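Here are some questions and answers for a reader new to this structure. The sequence and model come first.

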Amino acid sequence: MNITETNNLIFIDHTNISYLTDVILNVDEQEVDILNFFRLSELKTKWKVEVLPFEEFKTIMIEKRGRYEDYMSGCAFSEERTIRILNIEDQIKYTKHKDADFEKFCKQIVHEFVHACYAEILPNAVQWFNEALATFLSHQDRDFYDISDVDLTGLKVFNEIASKGGYSYSYFIACYLFNNYPEEEVFELAKDRDLLISKSNFLFDETKKWIKEQLNIRGKK
Ligand SMILES: [Zn+2]
């Protein structure tokens with residue numbers, strides 16, 4: 001078992017991956033921008049990042065989250081201040097992430113780090129918005145596609161839509177927000193649960209329109 005401590009994280013690798021040092025450097029470089037968005041200088045106390053093999057990860061998901069599905073390859077457990085993630089090899093072997101690689105693995109840890117930061121300022125964040133920030137701020141970029149006919153209110157029960165486009169929809173909403181509002185206003189939405197909930201339907205509609213515009217603009221080029 002390899003244990004490495006950084007400013008905000010304690011990496012505990014149970015699987016002896018060869019790329020851990022590079023992962024730590026990569027993640028470390030990205031932490032500042034995320035902390036800045038949340039107006040944090042550091043995490044109050046360090047979070048653990050546990051790199052696990054498949055069986056162990058699956059068992060923990062079932063035990064602590066009640067279920068495991070094959071899109072799940074990493075998870076932030078705020079109650080234990082721990083991020084648990086499958087190593088790249090096991091993601092490819094056992095999950096639907098057949099294209100897992102070094103870059104995606106790092107982005108995934110950064111994604112979970114966003115959840116860690118968000119939990120510092122709001123323990124009961126709205127999940128679709130939490131995923132919107134996590135996918136966007138970790139640069140888990142994905143191509144836009146027309147979502148005019150999608151009922152985005154489904155995001156309100158995120159677990160049911162997670163494997164059916166939920167992460168993409170959340171990412172699209174974040175793109176709409178960061179491209180159309182000052183970061184300060186996005187942060188206001190992040191820290192004020194009631195404000196966010198009152199504006200959700202408006203944001204869903206505006207995102208659909210904006211994505212369609214973006215696709216039209218790109219189509220004309
Ligand atoms: Zn997430």
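Helices (H or I, at least four residues) and strands (E, at least two) are DSSP runs, numbered from the N terminus. This is a predicted model, in which local features need pLDDT of at least 70, side-chain atom pairs count only at pLDDT 80 or more, and totals for chains, interfaces and linings use all residues. Residues are numbered from 1 along each chain as its sequence is written.

Q: Is Arg81 buried, exposed or partly exposed?
A: Arg81 is found in the loop between β4 (74–77) and β5 (82–86). Its phi is near 50 degrees, a positive value in a residue other than glycine. A residue is buried if 20 or more other C-beta atoms lie within 10 Å of its own, exposed if 12 or fewer, and partly exposed in between, with C-beta atoms placed from the backbone. Arg81 has 18 C-beta neighbours inside 10 Å, so it counts as partly exposed.

Q: Where is His139?
A: Phi of His139 is near 60 degrees, a positive value in a residue other than glycine. Because it has 13 C-beta neighbours inside 10 Å, His139 counts as partly exposed. Its place is in the loop between α5 (127–137) and α6 (158–180).

Q: Which element gives the most to the side of domain 1 that touches domain 2?
A: The chain is divided into domain 1 (1–121) and domain 2 (124–221), with bounds from an automatic or database domain assignment. The contact (C-beta atoms, placed from the backbone, within 7 Å) takes 11 residues from domain 1 and 14 residues from domain 2. On the domain 1 side, α1 (20–37) and α4 (102–121) are the elements that give two or more residues. The one that gives the most, with 7 residues, is α4.

Key
Two residues are in contact if their C-beta atoms, placed from the backbone, lie within 7 Å.
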